[in-house]
Structure formats: structure tokens, C-alpha cells
Amino acid sequence: MGTDANRRAPEDIVCKDADSRRSTRPRGETFVWVTAMGLTVGLTMIVFLLGLVVVNGFGVFWPRSVALIEFREDRGTRFQGGTKALGVITIEQERDVRDLSLEQRASLHAADRREKQLFLGNRDAFGQAFAFFPAGDIRSVTYPDDVIRAERLEWGDALFFPVRLEMEDGSVIQADDPTFNSLLLKRVDDVAARRAQIHQIERYEIGRINLQMHQLEQEERFYSRQDELTAQQRSDRAAVARRMDQLRAQYQPLADQAARLRSKQHQDTFVYRLVTGDERSMSVGQIVHYYYPNRLTLVGRAQIFAGQLWRFLSGFPREANTEGGIFPAIFGTFVMTLMMSVAVMPFGVMAAIYLREYARQGLFVRAVRIAINNLAGVPSIVFGIFGLGFFVYFVGGGIDRMFFDRALPTPTFGTGGILWASLTLALMTVPVVIVATEEALAAVPRGVREGSLACGASKWQTIRYLVLPASAPGIMTGLVLAMARGAGEVAPLMLVGVVALAPNLPLDSVFPFIHLERKFMHLGFHIYDLGFQSPDSEAAKPMVFATTLVLILLVVVLNLVAILVRNHLRKKFTADKF
Amino acid sequence: MTKQQPLKTIPERFVVRPATLWFDRFMNYFITVGGLSIIIAVSLIFVFILLQVLPLFRGARVEPQGTFRVPGDDYVVMGTDEWSELPFFVNRRGELIFVDTVDPGGPDHRPPFTQTPAWLDEVEVSVVAYNAFRSQLLYGTSDGRFATVDVQYEATFPERGGREVSVQLRETPLMRISPAEVPVQRLAYGNSGNQAIVAAMQQVHDRYELHAVSLVQQRTLLGDGELSVDRSYDLSEHLDGKPEHLLVPSDADGVLIGMDDGRVSYLHFDGHEFHKRQMFVPFRDLDDRRIVSMDFLLGDVSLVFTASCGANRIFSLYRDPQRDARVWGHTKTFPDLERGASFYSAAMRNKAFLIGGGHIASLRYATTESVRWEEALPFWITHAALGPRYDRMLFLDDQYTLHCYRLNDPHPQAAWRTFFGRIQYEGQSAPEFAWQSTGGRDDFERKLSLVPLILGTLKGTFYAMIFALPIALLAAIYTSQFLRPEMKRFVKPVMEIMASLPSVVLGFLAALWLAPIISNAVPSVLLAMGAIIVAALVVGYLWGLLPQRIRVQLKPGYEFLAFVPVMLLVAYAGWQLGFVAERHWFVVEDPSTGLQIADFRLWFPYATGLGFEQRNAFVVGFVMGFAVIPIIFTITEDALSNVPEAFRSGSLALGASRWQTAIRIVLPTASAGIFSAIMIGLGRAVGETMIVVMATGNTPVTEFNPFTGMRTLSANIAVELPEAPYLGTLYRTLFLGALVLFLMTFLVNTVAEILRQRLREKYRAVE
């Protein structure tokens, strides 16, 4: 084909350029601009998308001023029957007026064509967290100094004016008292500390007991189903019952302690006033964190921002994942990716060494190479369905029948879990590692191998001490790319063990520490679940953007590492040439 | 090692330690075995998926299980319990004889025993009919009365294991069907829960009379009370011959009468009155039109007919668009039986039925028009029953021997036609491709065609490619041929990062952010896109007209940066212009108020008759571009950059412009590589899952409208597999979908890969 083109080219040029020889203008510059457009559009798309996620993702944590909006009395807009609304102005936009007829549209005033979206908070009081108001109906927008924005355990954030703090000893501190803020801050810190204590007791200490009790219950169920018990089994059964009693005895004081702490959370009552004038109260234990958004300096905002970001990254989810943090999802992604790497690395590298160093290069190896390259292009969902059919049902079901028959019919390994998810993704990414490793091995100059062999080293010694170290960065690149692909993949995980809310982490302090059979949370699935399974997807959107930002950062950083390592390598190997 | 001798000639420091050699040999072996087994294991994915699919195409397996003696009598009805363990036979007098088929000779085996309805001694039974779906007998007496008898089986699970089936009869009192005190000859009953009707045929002197009664059930707090006759209807006016068959569907919304001359009348009951809705002749084209058998299939909306010559057809109830009413129409034809059917039994969990006559028994599946199993049995069959769990078949022969057969047919609906052919499903007026794996009712007919899913996959791929392909190819040509090398170092990683964006992120942005924006501003989006293309052409042309001293201000290779402001400006203009265009051109009149409304979302369905959804193929195509563009870009760019530098230098030296060089020299040389890039991009688009799951409505469609969604093979797996029972038909069908997907991408990728390797060798020859 190439040679054909060469043969044809000169004639074309001669006849077409006959008349343009007078012109100094090169031909086809117009089309160069068209190709430039392709690149511009492509780059703009990616920059815009990343920018969108970064701005929206970080924007979630940035404390914004809270506006008090007063409506014009002569217009119809009211909020909860009153003329005032309090909230964060999130969007200002053109109204969608297309449901109006053309005549109606023409008669609209310019101000009426715009609208403001307000984040109202106080879902418990107003029933909705967001509302749109026509800009033309707004008389004034002010930023009152004493507004508090509080993050609560339930019902999301609240925006209100503080009224007073009623302590358990009966003393009452009014909001205009100079010590009010410091006192409230202290109380909120106290409840936060107690909350951490309760969390520690309930999740870890009681959780460990629950887990053991669950295992004992399974044993007991197994014994109760047997027709006849041997003497050994009878004594085992008695031991199970004894152990159960012990655990119950351990459980009770812990539960009491948690209940005591919990009751302390509700000692102090906080009274606040909504923009509608209603006074409401809540126990201080409800407040996770609060601040005066309109009193903040830039530094103050940055501090709040950092605090909110940290709570998001390190916290556990609340309220069906729409509030709180995403720590379990980050942790699940991390552990899964790590397990996947442990599984994929040795196998991928071994297969590549075989293909490049040991196998006789011929038709077979070529076919295998093509097949492996193709496997990298097979849709991930195919690996997912394979993982479910093979790992979960076939292998997992087999393990259950052999080792966990006491728990049946409740599956232990015969259902999705972090082990099967990691193995499925390892299978999916093994072609990536093989291809990258092969390329890295091929890049090691032949002379290195020959020199080593000539010095009397064995083949394995050559590979072990010369080829592998030289190609290690390349292999690492492949692994990092595989990790990036594995961390971002969701479709196969949905089939083999990811869940929206896992009660336990796959790694904890209870023997055997790594719980391979547990289901886990994953950043990608968290996005899917929040955005598509939660009842109010509008309210969940900030969380989705924030989670997306974390996932993208993770994947992009992994990729950047791979790209940098590779670029560095290229230079090194070009320098190797004589 | 050979011993003493070499030691004298070779100094000891040159001798290899045996351990080293041993270890080397071991690693040789270990890596070969390990490497090969990994490669084999990876390729086993295909084999495993294939193994999951293959059982779908296996036929029914039937094997004899045993025979039992039945007391000799003249039986008219045969029925069985859910587990086919305690079948019963009804003789002409109306007595039920139960035969235990479990553990013959064992301690718990019961000899045949008889049960009778309480009133049987007082009446003379003239007809008994059996509704297997309700496990209910219908008795007609010689003095014109009727009653229903429920055969209530109950299973208990005793401590020692196993199952014990006991039986109890629950009968209604006898009720009068018509004033004439003559024998009831045919009887049928239907009860939907809301209404119930009974129809009966009698012969008064030489005239045939048809009467129907509607029944009401007293509902009390304690449960369902007794049935009693509400109203009576005389339907004899609709008879103009001798009725042979009489059926009432379980919805109790009509009566079907099969005449002895081969006509079938369909009377529709609207809750108050009967109207004659249809008259049809199932075997109009045959010489002998007489109907030998006429029975319902599960769901009571399909009728299985046989003619005396053995022809076997199914008529189903569907909405006739011309009459706007549900009428019966011919939907399926089966291979002929040897003769008209003398026995019939419908399955109770799918659309299979057991039919035959004489020695022949045939198990057929209605949806696929297929014969699952057919055999000439070594006895003359008088009655047959298909086990309600579709796991057993019972035959009674003329010597009063009951033959039990085990039936193993886990996937009766699976056939080539089911997955890839058009099928006329129940209730539909024409054959079609459809996917609907679950429905609200037990008698729901599964629709498992993969064609809408394959078309959906192609639709998504198509819209992704028409968007991604131009951008990716143009960008690759520019990057490899015109871009400054120092910019290239920055551009390529950026595009590669685009490739790494998780598809769940793209799907989320597509569905929750982009879809509302695009669907609100379709004309603006289209205009902005068009404006950018036109702007590129215009700017390029005008730039060429500028005097050289201005043109040299912009170094070649920086055009893409210079285009950024132009693009933003033009895109904004196009966006705003779109709203103007919408206001002027995409106007519909609201039919209810007569107001003029300018809204593309309303205009599009109004103007084209197609649907408009917010989450549509256009959005998916746009966002899938993010996944496909970088792949095509990277591989194309590699292919173009790898064209030997000598080609380019030669062309430029001969006076060709950079564009001429790129398009006439470099592009043709790298064409195989570009083609392979497109193929690999295609493979990615075909398999993309999360974007489609999230950004479309996941409705299976067979049209290419850009403003509706679709369901792709991959999305279908993700959506349905978690709900599919292990090893069931749906589970295996989803594996079949995965196999199709696997093969599609594997083929495309193999072609691409072979092309690429060939290209690489060609370059090597040039260099």
C-alpha cells in the first residue's frame, strides 16, 4: 500500500501544482486548522471535565456565606408562608420558560427570566433541602452575622439563628451572652468525644463479640439439625453453649456503658430559631459540627474547609450514605486493589518471562501474544460474569460445601466477597501486566544477556540479576496501570461482592484479621449507588461529586506515576543506544 | 557433574555449583509450566462461559421410572399433585381413585384408595371436567346441576425426613345451571377472583342448549365464603350446530364453543352480558376441519387445537388493531401428530404441553414452536399428565398400568429462535424481537431475544463512534504531523489520562449533569457543534488569505492554541443561537389549550413520531467519546509517528506542503494502523457498561433514534445477573449474551492486532 502511494504521488503533485506554482501559499492549510480543531476539542473536553469535577468536588467543602433573602411584598413568592428565606445561593440561572407559550414568554420582564436556587437545609422542618425563587421577586439579599450552619447526625445540615443553650443543671445561656460560642464549642467537642467512644465500643468491642456469637450460633444450628450426636459432639455443643454464655456476660456491661454514654449525649438542649420565626430545639448530641458562615475570614474558611474534607475522608457514612464520610469505601478500594496487585503481579510477570525468555518464538507464541492483547480489550463485564460463575458459585460454593458446611445454607465463600472481587479484577488486568512486562523485557538490550551468559551465568541467574532489575521500572509501570484500571472499574465488582453499605471492614482486629469472604465498599460503586439508588439524587449530588473527585484523584495520580516512570525509562534506554 | 577428570584441567573457581545448575533447571521447568498454565487458565475463561451456555441447547431427557397397577375402571379424568407422587383418576360415577407412586413395597406405601364428594350418593354424574391449573374438578349431573370439587393436596415433612402427601376434597354444594332437568353434557368454569362464570351444554329433546351462570362469593371476615348463583344467562341463541368443546378462561371473561363442524365461537362476557365477538375456523385450509381437541395453555390466552389428521396449531388472544378488540388469531403451527390428540396436559410453570394419541406422546413448547421430546411408547396411552413441577410425566395405558417417566428439561424455552429469531408472543399481533425477562404474573411468557440487545449495543457504539472518530483521528493527525514536539510531550499524557477516567465517573456525569443540560438545549448543542466545525474551515481559509508577514507571527504547530478562543466564542454564539432557533422553528401547538409552545423536546416526537427521553443515545455517545477518543487517538498517533521519517523528508524535499505530505504519504502508509485503532476503539465502545447502565433508561429497543435510550448486552448483564437464579434459563442466557459480547470484541480485536503486527513488520523492512 505504502509503495503504491509512493508511485502515484509524484504525478498527482505535478498536475495539481502546475498552476499553484505561482502562489507561495502552501496547499491544505485550511485542513491543518480542521485537524487542529480536533485536538483543541479533545483537550478542551478533558480539561473541562476534570475542572468540573475538581470545582464541584472541592466546592462541597468550602464554607459559603448564608444569605437572608426578603421577598417583595407585592409579588406572590412566599417561603413557608413568610417573606423571608435563609440559605446558600447555589445557582443563579435563566429560568426554563419553555412550558410557557410564546406570548407569555414575550411578556416576561428581564428580572423574571432569572431565578436563584437556594440550599435551605433544615430538611426536618421544610421537607425540602433546595428551592428555586424567581429573581424578580427578591427585594433584598443580606448576610446576617449570627447565622449558624450546623452539621447534624440526622436530617442533614441546618441553617438557623441560635437562641439559647439549656444545660442539664438548669442554667440557661442566651445566644447574646459573650461566652455562648465558647461554651457551645466546648459542649460540641464533648459530645464528639463521647460519640467516638460509643463508636469504639459498638463497632469494635461489641462488634467482635457479635461476630463470635454469630459463629457460635451457626455451630449450634448445625448440632440442632443432626439426628444423633456423638459423645464428642455433645461435649462440643456444651462448650459452645458455655462460650455463648461467657460472651453474653461480656456483652452486657459494654452495652450498658454504651447506653450510659448515649444518654449523656442528650443532656443539654439547644434552642434555635428558623427563618420563619419558629423556635425549635435539639439535643447538643445531634450536632456534629457548626460554624458561623458569615463571620469567617479567608483563613477561617480554609480551616473549616480542611476540617470538612478530613471528616469526609476519614468518617463513616450516615443516613443511607448521603451524609458523613467515605472512609470504608476508600479503605475497601485500597484493600481490593492491593489484593489484586498481589495476585496479578507474580502471575503476569511469570507468564511474560515465559513468553519472552523461555518460549521458542514462533507461530504459537505469536498467537498467544495476539490473544493476550485481545483479552485486554474484552469488556470488563465479561470478566465479571466469569467471576460470578466461576469464583463465586463454582469455587466458592465448593469451599462452602467442604469447609463451611455448618453454616449452610447461608453461604460463606459462595457469595460475592473481597477475595473473589480481587481475583476477578486480577484476571482482568493480567493481560495489561503481561504486555507491559513483555515490553520491558524486550527493551533490555540483547548484549546484556549475551554478556552475562558469556561470563558463565546460568539463564536464570541472567534473568534474576540482570534482566529483571533492568526491566523493573517497566514492570512497575504495567502494575501501576493495572492498579489504576482495577481501582476505577465497577461493572464486574457489582457482580462479585461490592455493596453499598458494608457493616464491617475487610481488615480489622478480629482474628483472622483479613476477612476474605466479606463484602466491601468501593468508591466507584459508591458513586453509582449514591447517584442512582438514593431516593433524593439532587441532595446526594454534592456527595457524589466529592466521591468522584477522590476516585479521579486516585486514578489520575496512579496514571501519572506510570506515565512519568515510562517517560523516564524512555530516556534511559535511548541513552543506552550507541 | 562428571567427577574427578575435569577438576584437573578446570580450576575450581570456574566450576558451577551443582545447586546453581539444579536451580536453573528447576526455574526452566517452573516458568515454562507456570507460564503455560497461566496462559491456559486465561483462555479457559472462554471455555467456562461456553460450558455455562451449552446446556441451553440440550433437548429434554426422559427416562422411565417405574410402573404401578391401577384398579380397572372406565376413567374420564386424570390429575396429579404438585410432586406427581399421588395421582388420581376419576371414573364415570365420579369417584376419585388415588394411586401412591412413592416407595412401592415400602412400609409407608399406600394401596390405591378412593375418595368421593359428600353428595355423590344422591346424584347421578353425567360429566366431569378437570382444571389442572386450579386443581379443581367440575361435576355436572343428569338433572342439570353442577358443583366444583377442589382436590387439596397437602405435604407434610415428618421428622424422619422425606415428604408425605395427603389429600382432601373440598366440594361446593350442587347448584342449578339451567331450568331444564336434563343431563349436563359439557361443563366449563372460570374464576378470576372478581367474577366467576360456569357454562354448561345440555340436550333438550333434539335441541342443544347453552346456559351460563355468574357466581358470587360471599366474602366474610373469616375468609372466602360459599359460592352462590348470581345471574343466569341462556346462550342457546349462539348455537347453530352441535357443540363439541366448551371452555371458559380463568379470567371468566368469555366462553369458547367448539362446534362439531370445526367452527369456534367466542362469546365475550363484560361482567353483565355476553356478546358474540368472534367466529373462527382453526383448520380452514384442511379437508377435514373438525376439531379433535381444544385446550388452554398456561395463562388461558392460548388455545391448542388438533385436527383429526393430526395437525396441531395454537391460537392466541391478541388485540386486533383493526377491530380494536382482543380476538383469537393463529400464532403457532407444530409438526403434525399421527392423529388427533386423545390426551392433553399443559405445564404449570411454562408454556409446554404434553399431547398425543395412541402410542405417540409428544412434549411441545408453545413459545418456540418446538418439539422438546416425542416418542412412540410401547403401550396404548389413554390418559397422561405432565407433572406440575415439569419434572415428571405420567401415562395410563389401556391395561390400567400407570407408567412414570422422569423428565429432565431445565431450559425448555431455550432455542436458537428464542435468542435470535422473531417470535409472536402471547398477546402480540405480530412476531417480533423482544427482551423482557420478568413479568408480574406466574403465567408470564419470558421474552429472551438477544437481538434488541445486540442492536442496542450497535446503536450505542454507532453514536459513540460518529462523535469520537472525527475528533480522535483529526487530533492524532495534528499531534503527529503538525504539533511542535515540545507540546507533544504534554498533549499525549493528557489524552492518556482521559483514557483512564473510570467509566462510572463518566456515567454519573452523563446522567446527572450532562443529560439534563443537553435535553434542555438540543438545538443549541447541535448548533454549537456545527459552528465549531464551520469555524475551523473558515478560520483556516481566511488564515491562508492573510499576507505572509502576519502568518509568520504564529509558529506552525501552535494552531490548536490559537483556535481555543475562536472555539469558545463560536460555541457560545452557537449555544445562544440555538435558543433563538428553537423559539422560531421548533414550535408545537398545545392541543388542549391551543397555545404555541417552543420546545424541542415536544417538537421532536410531534414532528417525527419518535420518542424523546432525557437519558438518550446522543448523551451516551457523547460521553462514551471520552472513553473511546483517547484509545483511537493514542494508537493512531503511534501508527502515524512510526511512519519512517525518510518518507516525510522525501516528500517535503520534493516541495509538497505539510498537509500534502500528511494526507498523501503518511496517512496511506499508516492506514492499517489507523484501521486497527478504529477497531480497538470499537471494541471498547461495544463493551462499555457503566456509562450505558447509568446514562440510558435501559429499555430494550430496536430503533436507531438518537433521542431514546437503549439496552446493551453489557448493561443487560449488569442489570439482570444479580437477580438471575443460579443455573436457570435466564442465568445461562446472560452467559450467552456475554459469549456474544466476548466473540464480538475478540474478533474485532484480533483483526486489529493482526493488522498492527503486519504493519510493524512492514516498517521494519523499510528501515
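Two residues are in contact if their C-beta atoms, placed from the backbone, lie within 7 Å. Among such contacts in chain A between residues at least 6 apart in sequence, 70% join residues at least 24 apart. This is a predicted model. Chain A and chain B meet, with 84 residues of chain A in contact with 103 residues of chain B.

**Interface**

- On chain A, 84 residues contact chain B; on chain B, 103 residues contact chain A.
- Helix H2 of chain A, residues 29-59, gives the most to the side of chain A that touches chain B. Its share is 18 residues.
- That side of chain A has 54 nonpolar residues by class. A further 22 are polar and 8 are charged.

**Chain A: overall form**

- The secondary structure of chain A comprises 16 helices and 13 strands.
- The radius of gyration of chain A is 32 Å. A compact globule of 578 residues would come near 25 Å.
- Along the principal axes, the C-alpha atoms of chain A fill a box of roughly 100 × 90 × 45 Å.
- Of the 578 residues in chain A, 34% are buried.
- Chain A is divided into domain 1 (67-161), domain 2 (168-267) and domain 3 (331-576).
- Taken over C-alpha atoms, the centres of domain 1 and domain 3 of chain A are separated by 49 Å.

**Chain A: the five-strand sheet**

- Chain A holds an open sheet of 5 strands, in the order E4-E3-E2-E1-E5. The pairing is antiparallel.
- Strand E4 (130-134) and strand E5 (138-142) of chain A are the edges, and each pairs on one side only.
- Neighbouring strands of this sheet are turned by 45° against each other on average, direction ignored.
- Strand E1 of chain A, residues 67-71, pairs with E5(A) over 4 bridges in the antiparallel sense.
- Leu68(A) has Thr142(A) in E5(A) as its bridge partner.

**Chain A: a buried helix**

- The buried residues of H15(A) include Leu523(A), Phe525(A), Ile527(A), Tyr528(A) and Leu530(A).
- Gly524(A), His526(A), Asp529(A) and Gly531(A) are also among the buried residues of H15(A).

**Chain B: domains**

- The domain assignment of chain B gives domain 1 (4-56), domain 2 (117-280) and domain 3 (458-520 + 613-766).
- The C-alpha centres of domain 2 and domain 3 of chain B are 64 Å apart.

**Chain B: the four-strand sheet**

- Chain B holds an open sheet of 4 strands, with the order E15-E16-E17-E18 and antiparallel pairing.
- Strand E15 (243-247) and strand E18 (274-280) of chain B form the edges, each pairing on one side only.
- From one strand to the next, the twist averages 20°.
- Although E15(B) is an edge strand, 4 of its 5 residues are buried, so E15(B) is largely enclosed by the rest of the structure.
- E15(B) joins strand E16 of chain B, residues 254-259, through 4 bridges, and the two run antiparallel. Here Pro243(B) stands opposite Met259(B).
- E15(B) and E16(B) make a hairpin with 6 residues between them. In its turn, Ala252(B) has a positive phi of about 55°.
- Leu267(B) has Lys276(B) in E18(B) as its bridge partner.

Note on methods: Residues numbered from 1 in each chain as written. Chains lettered and ligands numbered in written order. Predicted model: local features only at pLDDT ≥ 70, side-chain atom pairs only at ≥ 80, totals over all residues. Pairing = 2+ DSSP bridges. Axes fitted to C-alpha atoms, helices over the stretch in contact; angles between N-to-C directions. Nonpolar A, V, L, I, M, F, W, Y, C, P; charged D, E, K, R; others polar. Rg over C-alpha atoms; globule rule 2.2 N^0.38 Å. Buried ≥ 20, exposed ≤ 12 C-beta atoms within 10 Å, placed from the backbone. Domains from an automatic or database assignment.
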